[in-house]
Structures are given as structure tokens and as C-alpha cells.
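Let's take a walk through this fold, from the overall build down to one helix and the ligand site. Have the model open as you read.

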Amino acid sequence: MKLIITNSYEESCKYVAQEMVSLVNANPVAKLGLATGGTAEQVYPHLVKAYQDGKVDFSNVTTVNLDEYLGMSPDNPVSYRKCMDNWFFDHVNIKKENTYVASGLNDPQAEIKTFNQKLYGDKLLDFQLLGVGVSGHIGFNEPSAVLTAGVHIEELDESTIQANSRYFDSPADVPTKSITMGVGDIMKASKIILIATGDSKQPVISKLFADDSVSSDLPVSVLKLHRDATIVIDRALADKC
Ligand code: GLP
């Protein structure tokens, strides 16, 4: 696992976007695993800008998103589908039919099948973008006695529900379950970049680099087993770790 420390969160976002642009330029039919969350959000404007500046072409790129809340309609403004449309897909030349964000409304078992088909029907992910939860989750794979390899329904950690409540009108509206790639799905991507910033991520980043252990109590630690995983954090966060 590689660590990159940048001067600022803005620089981290630029760095991650530049890596993605280079990857797509080298492989115009790249299959990208994408992420939502407040940290990953600021990567997308840089991708849109690169597209507007004529530096990248997304017309033959396909994408699969990490996760979605269970019960969430794709039309809901806080759904991950809407986030992806608003932040990225609607502003570049990607074909909408080549993008997949799980539907939280469909029958979960049927949606797991579709998710797997999108992940494995043609080729594996060339890249996966990740954020990390305050619980140490990647995708929505929460700390637990065991981790799940494949796409599944996951019960959200109390700390995740708390952290995500900022996007909902009332705490009662925050979904408690999700449909998510499993850790095995994430680990099959050829290249992984995780971006983290902010004081709330200090405990998980400190734990991640404290030693060489891999533990289901800290799902993000599985990235230590990947041959091309990079953690990108800014100096402000690094100084606190
Ligand atoms: C959500 C997403 C994760 C994301 C995490 C961190 O729960 N499912 O994929 O990495 O939150 O979000 P944030 O960057 O807003 O802290």
C-alpha cells in the first residue's frame, strides 16, 4: 500500500483526478469503479474540467458505483445515482447506459444479480476510487467479525448512520441498510486509490498505518493486501496521525 501526502485536500483531489485521466487516456475503454461521499465528491469537478479542456474522452468508458442505500429511489435527490449524474455523468460525454449505480428500490436479490453482471459480465474493473468511512468502511463494508467478499446487503454501522445524517432532513430518514460491493469485488480492481481528509478520518488513518495488521475490525486494512493500492491524504490530516 502506497501513501501519498499532498499539501492540501484540493491538491489531493487534483492528483486523484489526474491519475484517472491518465488511466483513461492510456485505456479509452477503461472500466472505472466510482465512489460517492463528501470526500470523493470534489474529485469529479476536476474530471469535468479535464473533459471540458479536451484532455480526456469518456465516450467509451464504463463505470460501476460502489454502493447505494437500500430503499433509496434513483430519483431521490440524495440517491447516489443522482449524485453521480449531478457531479459527473451529466457534464461529460460518457454514455448513461454505460454507467451503473445500483437501484435501492429494486428487489435486493434481483439487484445483487444485476450488480454482479455489471461487475463481471465483460471484464474486471481497471480502477476503483474509494473514500473511507469514520468506521473504517470501504464501500459500505462495515467493521464486523467477518467481511463479505461479494455484492451483498449490509447493515450500516451506527457511526455511519450518524455521519450520513447530514444529507437527510431528519435522523429518522437516514437509511440503515445498503447494497454494496464486497471487499473481494473492490480488491479485484487492477488499481485502487483511496482519498481521505479531515479530522474525523484521523482515527482510521492512524490505525491503518499503525502496524502491518489486516483486520475485519478495520475493513480499509484489506488494501494492504492489494498490489496497487494508494492512500492519498493531505498534510493537515497526516500531521494529526
Ligand atoms: C459513504 C460511502 C462510502 C464513502 C464514505 C465516506 O458511507 N458509502 O463509499 O467512502 O461514506 O464519506 P465521506 O467522504 O463523506 O466521509
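Of the chain's 241 residues, 42% are buried, meaning that 20 or more other C-beta atoms, placed from the backbone, lie within 10 Å of the residue's own. Bear in mind that this is a predicted model, where local features need pLDDT of at least 70 and side-chain atom pairs count only at pLDDT 80 or more, while totals for chains, interfaces and linings use all residues. Numbering starts from 1 along each chain as its sequence is written.

The chain holds nine helices and ten strands (DSSP runs, H or I of at least four residues for helices and E of at least two for strands, numbered from the N terminus). Its radius of gyration, taken over C-alpha atoms, is 17 Å, close to the 18 Å from the globule rule for 241 residues, so the chain is as compact as a globular protein of that length. That rule is 2.2 Å times the number of residues to the power 0.38. The C-alpha trace spans about 40 × 40 × 35 Å along its principal axes.

Now zoom in on helix H4, residues 80-87, where Tyr 80, Arg 81, Cys 83 and Met 84 are buried. They sit on the same side of H4, because they cover an arc of only 165° around the axis (judged by the directions from the helix axis to the C-beta atoms). These buried residues pack against strands S2 (31-34), S3 (62-65), S4 (67-69) and S5 (99-100), with contact meaning C-beta atoms, placed from the backbone, within 7 Å.

Finally, the ligand: 14 residues surround it, and the closest are Gly 37, Gly 38, Thr 39, Gly 131 and Gly 133. Being near here means a C-beta atom, placed from the backbone, within 6 Å. Helices H2 (38-41) and H6 (158-164) each supply at least two residues of this shell.

Note on methods: Buried ≥ 20, exposed ≤ 12 C-beta atoms within 10 Å, placed from the backbone. Contact = placed C-beta atoms within 7 Å.
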